[in-house]
Amino acid sequence: MNGLALHERPASASWRIALPHTAAAVPVARALVRTALAEVEHGADCDTAELLTAELVANAVEHTLGSEPIELVVHLLPSGCQVEVHDQDPAAPGELTRPTGGDPDPWQEHGRGLLLIRSLSSSCGHRPTEKGKAVWFRLTVVPRG
C-alpha cells in the first residue's frame, strides 16, 4: 500500500451512569472508563483516564454531603475524551483551577488528587448544573506509534 494509513477515530460516544455516594463507586467508575475507552479502541491513555476518574469520584464521595448518587459521564470524541463527575454540592472544588499554596505535604495521605488532575489532563474545570456541579477533565488522543 502506498501513502499513509489513516486510523479513524470514533465520531463520538457517551456513557452516563449513577454511582452510589460511597467509596464503592471508585472501582466501578474506573472499570467503566477503561471499558468505554477499550470498547471503541479509543486513543486516549486508559491508565491516566482511570487514575483521574478515580480522583474525581473519590473527591465527590469524600467532600460532598448526603447520600444522593453521584453521576459519571464519559464523552469520547475524535480529539480525545472528557470525563465528568456530577454531584449535588454547588461549591467549587478546592484547588482545581486556581491552585493555592505550594506542594502538598509529602507526609499527608490526602491533597494530591486535584494536583494530579491539573498536571495530567489536557484541561480541567467545573461548571454549575441544575442540581449542583460537574467537575471534569479532558485527555487528548495519544498518537499510535
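User: What is the pLDDT over residues 1–10, and how many contacts beyond four places in sequence does the model have for them?

Analyst: This is a predicted model. Over residues 1–10, pLDDT stays under 50. The model has 10 contacts beyond four places in sequence for that stretch.

User: What is the average pLDDT of the protein chain?

Analyst: The protein chain averages 82. A pLDDT of at least 70 is reached by 77% of the residues.

User: Why is C124 called buried?

Analyst: The cut-off for buried is under 20% relative accessible area. C124 has a relative accessible area of 18%, so C124 is buried.

User: Where is C124, and how far in space is C124 from R138?

Analyst: C124 sits in strand β4, residues 123–129. C124 and R138 are 6.2 Å apart, C-alpha to C-alpha. In sequence, 14 residues separate the pair.

User: What makes S67 buried or exposed?

Analyst: Exposed requires over 50% relative accessible area. The value for S67 is 65%, so S67 is exposed. S67 is found in the loop between α2 and β2.

User: How far apart are the C-alpha atoms of S67 and Q88?

Analyst: They are separated by 9.5 Å. Along the chain, S67 and Q88 are 21 residues apart.

User: Which residues of the largest nonpolar core touch the most other members?

Analyst: The core has 31 residues, and L37, V57, I70, L72, I117 and F137 touch the most other members. At least two residues each come from α1 (25–39), α2 (46–63), β2, β3, α3 (113–120) and β5 (132–140). α2 gives the most, with 8 residues.

User: Why might nonpolar side chains be found together?

Analyst: In soluble globular proteins, nonpolar side chains tend to be buried together.

User: Which residues is I70 in contact with, leaving aside neighbours within four places in sequence?

Analyst: Contact takes heavy atoms within 4.5 Å. On that basis I70 is in contact with I17, A18, L19, P20, H21, A25, V57, A60, V61, V85, H86 and D87.

User: Which residues line the second largest pocket?

Analyst: The lining consists of A18, E68, P69, I70, E71, H86, D87, Q88, T129, E130 and K131. β2 (70–77) and β3 (80–87) are the elements that give two or more residues to this lining. The space in the second largest pocket is about 200 Å³.

User: How many nonpolar, polar and charged residues are in that lining?

Analyst: The lining of the second largest pocket has 5 charged, 3 polar and 3 nonpolar residues. Glu counts as charged, and E68, E71 and E130 are among the lining residues.

Note on methods
Residues are numbered from 1 along each chain as its sequence is written. This is a predicted model: local features need pLDDT of at least 70, side-chain atom pairs count only at pLDDT 80 or more; totals for chains, interfaces and linings use all residues. Side-chain values use heavy atoms; hydrogens and water are left out. On a 1 Å grid over the protein atoms alone, a cavity is a set of points where a 1.4 Å probe fits but cannot get out, and a pocket is an open set with protein on both sides within 12 Å along at least five of seven lines; lining residues have an atom within 4 Å of a point. Grid points are joined across faces, edges and corners, and a volume is the space filled by probe spheres set on the points. Helices (H or I, at least four residues) and strands (E, at least two) are DSSP runs, numbered from the N terminus. pLDDT is the predictor's confidence in each residue, from 0 to 100. Buried means under 20% relative accessible area, exposed over 50%, partly exposed in between (1.4 Å probe, protein chains only). A nonpolar core is a set of buried Ala, Val, Leu, Ile, Met, Phe, Trp, Tyr and Cys residues joined through side-chain atoms within 4.5 Å.
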